[in-house]
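Trainee: I'd like to learn how to read a structure feature by feature. Can we take one and walk through it together?

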Protein chains: 4
Amino acid sequence: MSGNTLGTLFCVTSFGESHGPAIGCVIDGCPPGLSLTAADIQGELDRRKPGTSRHVTQRREPDEVEILSGVFEGVTTGTPIALLIRNQDQRSKDYGNIAETFRPGHADYPYWQKYGIRDYRGGGRSSARETAVRVAAGAVARKWLSERYGIVIRGYMAQLGPLPIPFVSWDAVGDNPFFAPNAEIVPQLESYMDELRKSGDSVGARINVVASGVPVGWGEPVYDRLDADIAYAMMSINAVKGVEIGAGFASVAQLGTEHGDELTPEGFLSNNAGGVLGGISSGQDVLVSMAIKPTSSIRLDRRSIDREGNPVIVNTHGRHDPCVGIRATPVAEAMLALVLMDHALRHRAQCGDVRTATPQIAALAPEGVQAVPSPRAE
Amino acid sequence: MSGNTLGTLFCVTSFGESHGPAIGCVIDGCPPGLSLTAADIQGELDRRKPGTSRHVTQRREPDEVEILSGVFEGVTTGTPIALLIRNQDQRSKDYGNIAETFRPGHADYPYWQKYGIRDYRGGGRSSARETAVRVAAGAVARKWLSERYGIVIRGYMAQLGPLPIPFVSWDAVGDNPFFAPNAEIVPQLESYMDELRKSGDSVGARINVVASGVPVGWGEPVYDRLDADIAYAMMSINAVKGVEIGAGFASVAQLGTEHGDELTPEGFLSNNAGGVLGGISSGQDVLVSMAIKPTSSIRLDRRSIDREGNPVIVNTHGRHDPCVGIRATPVAEAMLALVLMDHALRHRAQCGDVRTATPQIAALAPEGVQAVPSPRAE
Amino acid sequence: MSGNTLGTLFCVTSFGESHGPAIGCVIDGCPPGLSLTAADIQGELDRRKPGTSRHVTQRREPDEVEILSGVFEGVTTGTPIALLIRNQDQRSKDYGNIAETFRPGHADYPYWQKYGIRDYRGGGRSSARETAVRVAAGAVARKWLSERYGIVIRGYMAQLGPLPIPFVSWDAVGDNPFFAPNAEIVPQLESYMDELRKSGDSVGARINVVASGVPVGWGEPVYDRLDADIAYAMMSINAVKGVEIGAGFASVAQLGTEHGDELTPEGFLSNNAGGVLGGISSGQDVLVSMAIKPTSSIRLDRRSIDREGNPVIVNTHGRHDPCVGIRATPVAEAMLALVLMDHALRHRAQCGDVRTATPQIAALAPEGVQAVPSPRAE
Amino acid sequence: MSGNTLGTLFCVTSFGESHGPAIGCVIDGCPPGLSLTAADIQGELDRRKPGTSRHVTQRREPDEVEILSGVFEGVTTGTPIALLIRNQDQRSKDYGNIAETFRPGHADYPYWQKYGIRDYRGGGRSSARETAVRVAAGAVARKWLSERYGIVIRGYMAQLGPLPIPFVSWDAVGDNPFFAPNAEIVPQLESYMDELRKSGDSVGARINVVASGVPVGWGEPVYDRLDADIAYAMMSINAVKGVEIGAGFASVAQLGTEHGDELTPEGFLSNNAGGVLGGISSGQDVLVSMAIKPTSSIRLDRRSIDREGNPVIVNTHGRHDPCVGIRATPVAEAMLALVLMDHALRHRAQCGDVRTATPQIAALAPEGVQAVPSPRAE
C-alpha cells in the first residue's frame, strides 16, 4: 500500500509510468449488473486526451482503453475490472537531459531522495499522464451514479491565470478547449494562451466541479467526511494546491447569519455549505473548487542542482501543457465521481435499512435559485 | 469502518459523543520505546480546552486524559494506546429544544436522514468536542516526531473574520487566547469578538500551520500524497471549508516562473510548493492554511424545518464558541502531526533501505529567508 | 495499524493488557437502529469469564462492561460503540518472576525481540484476557445477525485432550463448564481435568462452531473469501493451531464423489463444504473446527533462557487455565459472528441491488439431515 | 474492495477470469532497488503452469508474464508493478453446458445468487487459473525476502489422497510432477493417478510449506498475527479446507509438556509452535500444512439443479486436474512469501528502531534437528 489505491469499497488501484509500456488500473468493488463497454470509458478519455488543441501538449496518445476483466457480455459481474491503456507516443530521448538534474517545481528531487532510483522519462509515475487512469475509472463510477441515482457531475474552468471566467451556462463548456462555461470569453483565453506559449512560461487555473442529485445522507461524520474525502481526492490530482467546498475561503470573513444555509419545506435558501453538512451530503449540489498551479516544465532558464548537489541551469523542452489546468476538468469530475461512488456503497453497507418519514428537502428553494452554480464569485 | 479511524499505520480510532459518558480513542501502531505520560498529552489538551477565556464556550471541561493501555512504566510498548476523557459538564437540557428541529448549518438534518436516529445532545458525535480526541492523539505523534526527527509543528490564527493578522513572531502565539502571532493586534481582536458576542452572531477564521524539520521523502506519489492526506485531515476538522498547501489559491494567477521554487546547493529560493512536490516532502517547511466557517449555532432567528418537514424558527441558545476558529489552532497542529507520523512510518516500511549520495537541500537558502512562515500574504 | 483492528466494515479495534487498568474496544460501522444495552453484552461475557468452575483460572474478574458511546436511549446510532471493561483482580506480583525470563510456548521471547520492551504482567497484551473484548464485540454482531437474518451461532467442545466428545445435543452445551454437547461424558471430562490439574500439566482441545441461517451469497471470491476470513479470525485466537472448514483435513483422502455436495430442489445432500463454496456462503450451515494447543503456563520445570541468553529453568505458578480450550467456545462463536457481520455489510454494499429468480436451496435435504452438526467424526 | 487485494503494505490486487482476455495483478508497496525481470517471475510460473504432465489439466497456457510498470532498467522503482498474463487457450465451448446449471462443489450456485450474473466460462473468476497471479506476485516477494534476509520458502506434497508421502529430502521435490519429497514413492503416485483418471473421479491432497530464515519478531500480537494471516492466505487458495501451523490438530491431544518448545542458548529443542508464538515469528522454521479437497469437476454423474431450480444431472467434461493439489505447491509457497513480505514491511514500519541485547536463538538446537521439516507425522 504505497498510496496507489483510492477508495474504501469502490477501489481503484492505478499503475503505470508516462513512458513505460502502459498505464491502467484495477477497479474492485463495482456492483454487478452495470452495462459497460470500452466506448463508455473512451468518451471520457477523449475529453482529457492530449493533442486536441494547440493549447495543450502535442504528445499524440489515442488513450485507447481495453477492458481486461470484470465484464461479461457487456455487463459488470462484480469481479475486478482491469483497464489497460498502452502508451504509444513515448519519446524518451526528449527527456534524457533530466536524468541527472532535478527540475524545479517537479517531484524529481523528492522522488530521488525517497526511492534512490527514478524513472525520469517524462516524469515517470509523477507525470500527469496518470490522470488518464482516473478519468477511465471515473467513467465507470459516473455511469453507475447516473443510472442508479440520476446524479450529474459537471466541471468547468473558473479562472485562467489572471482571467476570471464568469459562469454563463453549462452548454458552453463542451464547445471550447478550455472547458469554459462562457462562449464569449473564449477568444480572450485563446489569445492569452498564445501569448503565454510564445513566452515559454506557464500559468495556473481554477477548476470548479458540481455534483447534482446526490441524495442526503452520504458521507461519514468524523474523519472520512464526504468533504474530507473530496479534498483528499482533489489534492491528489497533479498540480492542485488548494481545495474549497461551498463558500470555501470566503467563509473566513462571513458572519454566521450569512453562511448558515437556512432550510424551508420548499428547499434550502442558499448553498454556502456546498452540499455537505457535518461531513454528510445534504441533498444540495456538491460544490468543489480547486487551484491548479502553473506547469512546472517551462522553456525558461531556472536554477537547480544535479544528483551530486552541484548547481545547474534547467530549461525544460519536450512536449508540455503550458497550463495543466486546461485538461484538468475531466480529471476533477472523475475524482468527484469516484468519491461519491465510494460513499454510495459505504452508506448502504451501514445504513441500508434506514427509512425516515422526513421528506428530502429540495436542493434549493425557488427563491434560492442561482444563476451560477457556486456561491463563490468568479 | 464508518470513517472514525485516521491513518494507515499510525491509526487513531475515535469515539464519543458530546454529552455521552466519555470521548476517547485508540492509537494503534505507535512505535515502542517512546516515553509517554498523561502529562505529555494533558499539556496539549489544555491549549484547546473550553472555558479559558470569555471568547470561547463557557462549558467547563477539565478534559483530563487517562491512558488505559499501551504504556508500561512510562514507555510505549507498541500495543494499542487507549485514551479516555470523561465528559463532566453535560447540560443536555440546554439542547432539548433541538431534538425535533434541524439547526441550519449543522449536521442535524443529514444525520437524521442518514441514520434515522440522532443523539442531539450538544450535537452528539458531530460536536467539536470530538476534536479533543484529535489533540490527544496528536500529542503522541508530535512527541515522537520531535524526539525522533526534531520536527516542530506550530500553528496560528492568520485572519479573524474580516481582520487579517500579520505574522510577527511565533513567540506571541502562546500569549493570547486567539493564537495570534502578533501581540499588537490582540486588543483589536478582543474588541471585535466582544462586539460580535453581543450581536449574537458568529464569524469565520483562517488558521495556518507549519511543520519544520520534515525530512525529504515522506509521502506517496499518486493518491495518498502527503498534501492529499493533509487536505483530508484538515477538511475533516469541524467547520473547515477550504485547505491550501503552500501558495494555495494564489497559484491560480501565478506564472510558472513565479511559482516554481528554484533549488541551489545552499537551499530552496522560495516555498510556493509548501514543502510538498509531487506528493512527497521536499525538506522545506510544510505550509498549510485552512478556512474555518462561522459557528453555526447563533442566538439569532433562523429559518428551518422540523422532523415532520414543517417550517420552524430556530434560535440556538446554550454554550457555544462565537468563533470556532479560536480554538482550532491546536487541532490543526494535531492533525498535521498525525499525518506526518503516519507517513514517517509508511516511508520507512517501503524505503527503509534507501540511501542516496545526494545531500539534503536546506529548507531555504539564506536569500530565501522569510519574515512570515508562509508565502501567502495575510 | 498494528493488527488490533478486525473487519473491513464492521471494525473492532481492541486495546488493553491483562494487568493494565482496563481492556476494551471500539466498534465502528455498526448499523443504526439496533437495540443494545450493556446487559446484552454482559450475558456473553459471563459465559467466558474466569473463575466459574474449578477447571479454569481462579482469577476473579467480573468483566463488567460499560458502553461509552454509540448508543442513545438504548439504540445504536451508527457512531462508534466504545466498550470498557476495567481490570479488577490484577496480582502482578504473581508474575514478577517472568520479567527476566522467557516462558516456553509463550510470546515472551518474540515480543521482547520485536518491541525491545514487554509488559510481562500476566502476559500483557498476549494474555487470553484480551478474548473478553472479542466476546463483547461479538455480542453486538450476533444480536444484529439474529434480529436481521435469524442467524444462530453455536459452538461446543468436540474433544478434550485424548477424549473425543460425541455430539449429542445443543441442549447439553450450556449445562456444563466444558461446553460439551453431551451430558453423559461430563463426569469423565471432570475426572480427567482433576487428574491433569494435580499433575501440573496442561492439555489441548478441539472446538467446533456452527452458524445456521446464513443467507447464500456472503463472502468474496478471491482473497477475502468467507472461509479465509474465518480461518484468519479463528487462528487469531490465542492458542489456536489449526482451522478446518467443513470436511477439513478429511478432504485429503476423500474422492470427488464423496466430497462434492450434491444439490437438489429439496436441499443439499451433504455438507462437506461447510457452507462455503468458492469463498461464498451457500446457505448451508457454516461449519468450523479448530485445534487449541495446551496452555503454555504449567507448574512443571521447563528449560528456557533469560534476557541475557543464559539457560534457566522456568516453572510457571500463578493462576492459569489448565486447558484454555475450556473457555474458548464463546470466543470462537464471537469471532464467527464478527466475520459474518462484516460480510453481511460488505455484501449489501456491493450487491444490494441484486435479485435472482432462483430459489434459495434448503441447507440440507430431508435425506441429508445429520445427527451431528459437522461431517467430521468426533 | 471486494476482496481482491491481499496485504497491508505489500499489496497485491488481482484481476482476471479464466476465459477472459487476461489475468494479472498490481503489486503496490514493493521496496525500490530490487533487481527484477520477467524471467524472475517466469521461473515460478513455469512450476505451476498446466499441461506439464499427464496428471494435470491439458489446457495449454504458456503463462507468459509481461511487466507493465514499476521496473526501470531492470530495477524496481517503488511504484506499482503491474503484471499481465494473456489467456491463450480458452475453449469456452467446452464449458457452455454449465451456463444454466450449477456444478456441485463449485462456486456456481453462490456466485449466481450473490451477483445475479456469472461468467461461467471455465469457472470465470473462481477458476484456479487465478492462482497463476499469486505465483507471479509471490515470485517478487520471495526474491526480496531471499536477497534481503536469506529466507528460503519451500513446499511439498505430504499426502495424495490415501497415500502419505514420507519426507525424504528437498532435493527430490523438483524431480517429479507431484512435488513429492521422496523419489521412491513417485511410481506409486503415478499409478494411483492413472487409475483415478480412468475412473473419472478426483482426489484430495495435503501440502506442506516451510519458510526458513525468518527473523524473530515479525507479526502482530492480536488479530493480524503472522499465523492468522497465513491461515487467511492459505484458506484463500482454491480448494483449501484446512490449515495447520506447527503441530496443528495434533495439539489437541498433546500435553503442555509435549507441546511447549523449550529454549536453550543453543536453540529451540522442538518446533510444535511452527515458528510462531503469540502471533509473532520466533526465528524457527515457519511450518504450514493445508488440506486440499478433491477437484469438484469430475466426469461422473452428479445431482444438481439449474437456474430455475429444477433437478438436473451434471457430468463435467472439459480439461481439469483430477487432483488440484498436484499444482498447489508453488501456489502455497507464493502465498507464504506474500504474507512474510507484508509482515517484514509492517515490522520495520513500527519497530524499525528496536535493538535488543538478547541474542537470536537458533531455529533448532543440535539435539532438536529433525529428519522431516514438520512435527506432524506424515
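This is a predicted model: local features need pLDDT of at least 70, side-chain atom pairs count only at pLDDT 80 or more; totals for chains, interfaces and linings use all residues.

Trainee: Where is Ala239(A) found in chain A?

Mentor: Look at the loop between α5 (226–235) and β11 (240–245) of chain A; that is where Ala239(A) is.

Trainee: And is Ala239(A) buried or exposed?

Mentor: The idea is to compare the relative accessible area with a cut-off: under 20% is buried. Ala239(A) has 18% relative accessibility, so it counts as buried.

Trainee: Which UniProt annotation covers Ala239(A)?

Mentor: The UniProt record has it under "binding site", together with Arg125(A), Ser126(A), Ser127(A), Asn238(A), Gly278(A), Lys293(A), Pro294(A), Thr295(A), Ser296(A), Ser297(A) and Arg319(A). Then check the geometry: among these residues, the lining of the second largest cavity includes Ser126(A), Ser127(A), Asn238(A), Ala239(A), Lys293(A), Pro294(A), Thr295(A), Ser296(A), Ser297(A) and Arg319(A).

Trainee: Let's take another one from that list. What is Ser126(A) in contact with, leaving aside its neighbours within four places in sequence?

Mentor: Ala107(A), Tyr111(A) and Asn238(A). Ser126(A) sits in the loop between α2 (108–115) and α3 (131–149) of chain A. With a relative accessible area of 18%, Ser126(A) is buried. For polar atoms, look at distances too: a polar atom of the Ser126(A) side chain lies 2.8 Å from the backbone oxygen of Gly123(A).

Trainee: How many residues of α3(A) are buried?

Mentor: 15 of the 19, so α3(A) is largely enclosed by the rest of the structure. Also glance at what follows the helix: just after α3(A), Gly150(A) takes a positive phi of about 70°.

Trainee: What does α3 (residues 131–149) look like in chain C?

Mentor: α3(C) has 19 residues and a reach of 26 Å from first C-alpha to last, close to the expected 27 Å. In α3(C), 15 of the 19 residues are buried, so the rest of the structure largely encloses it.

Trainee: Which residues does Ser212(C) contact, leaving aside neighbours within four places in sequence?

Mentor: Gly150(C) is one of them, and the others are Ile151(C), Val152(C), Arg154(C) and Asp285(C). With Asp285(C) there is a side-chain polar contact of 3.2 Å. Ser212(C) lies in strand β10 of chain C, and at 17% relative accessibility it counts as buried.

Trainee: So how do I read a whole strand such as β10(C)?

Mentor: Check burial, the two faces and the partners. Eight of the eight residues of β10 (residues 205–212) of chain C are buried, so the strand is largely enclosed by the rest of the structure. Its faces are both covered: Ala205(C), Ile207(C), Val209(C) and Ala211(C) are buried on one side, and Arg206(C), Asn208(C), Val210(C) and Ser212(C) on the other.

Trainee: Which strands pair with β10(C)?

Mentor: β8 (residues 152–160) of chain C pairs with β10(C) in the antiparallel sense over eight bridges, and Met157(C) stands opposite Ile207(C). β16 (residues 286–292) of chain C is also antiparallel to β10(C), over seven bridges; there, Leu287(C) is the bridge partner of Val210(C).

Trainee: What about pairing between chains: which strand of chain C pairs with β11(D)?

Mentor: β11 (residues 240–245) of chain C, antiparallel over three bridges. Val243(C) has Val243(D) as its bridge partner. Within chain D, β11(D) pairs in the antiparallel sense with β16 (residues 286–292) over five bridges. Six of the six residues of β11(D) are buried, so it is largely enclosed by the rest of the structure.

Trainee: Finally, which strands stand at the edges of the open five-stranded sheet in chain A?

Mentor: Read the order, β1-β2-β3-β7-β4, with antiparallel pairing. β1 (5–6) and β4 (65–67) are at the edges, each with a single partner strand, so one side of each lacks a neighbour in the sheet.

Methods: Residues are numbered from 1 along each chain as its sequence is written. Chains are lettered from A and ligands numbered from 1 in the order in which they are written. Side-chain values use heavy atoms; hydrogens and water are left out. UniProt positions are given in the numbering used here, feature names are shortened, and annotations may be inferred rather than shown by experiment. On a 1 Å grid over the protein atoms alone, a cavity is a set of points where a 1.4 Å probe fits but cannot get out, and a pocket is an open set with protein on both sides within 12 Å along at least five of seven lines; lining residues have an atom within 4 Å of a point. Helices (H or I, at least four residues) and strands (E, at least two) are DSSP runs, numbered from the N terminus. Buried means under 20% relative accessible area, exposed over 50%, partly exposed in between (1.4 Å probe, protein chains only). Contact means heavy atoms within 4.5 Å. A polar contact is a pair of N or O atoms within 3.5 Å; within protein, one must be able to donate a hydrogen and the other to accept it, and residues adjacent in sequence count only if both atoms are side-chain atoms. Two strands pair if DSSP finds at least two bridges between them. The expected span of a helix is 1.5 Å times one less than its number of residues.
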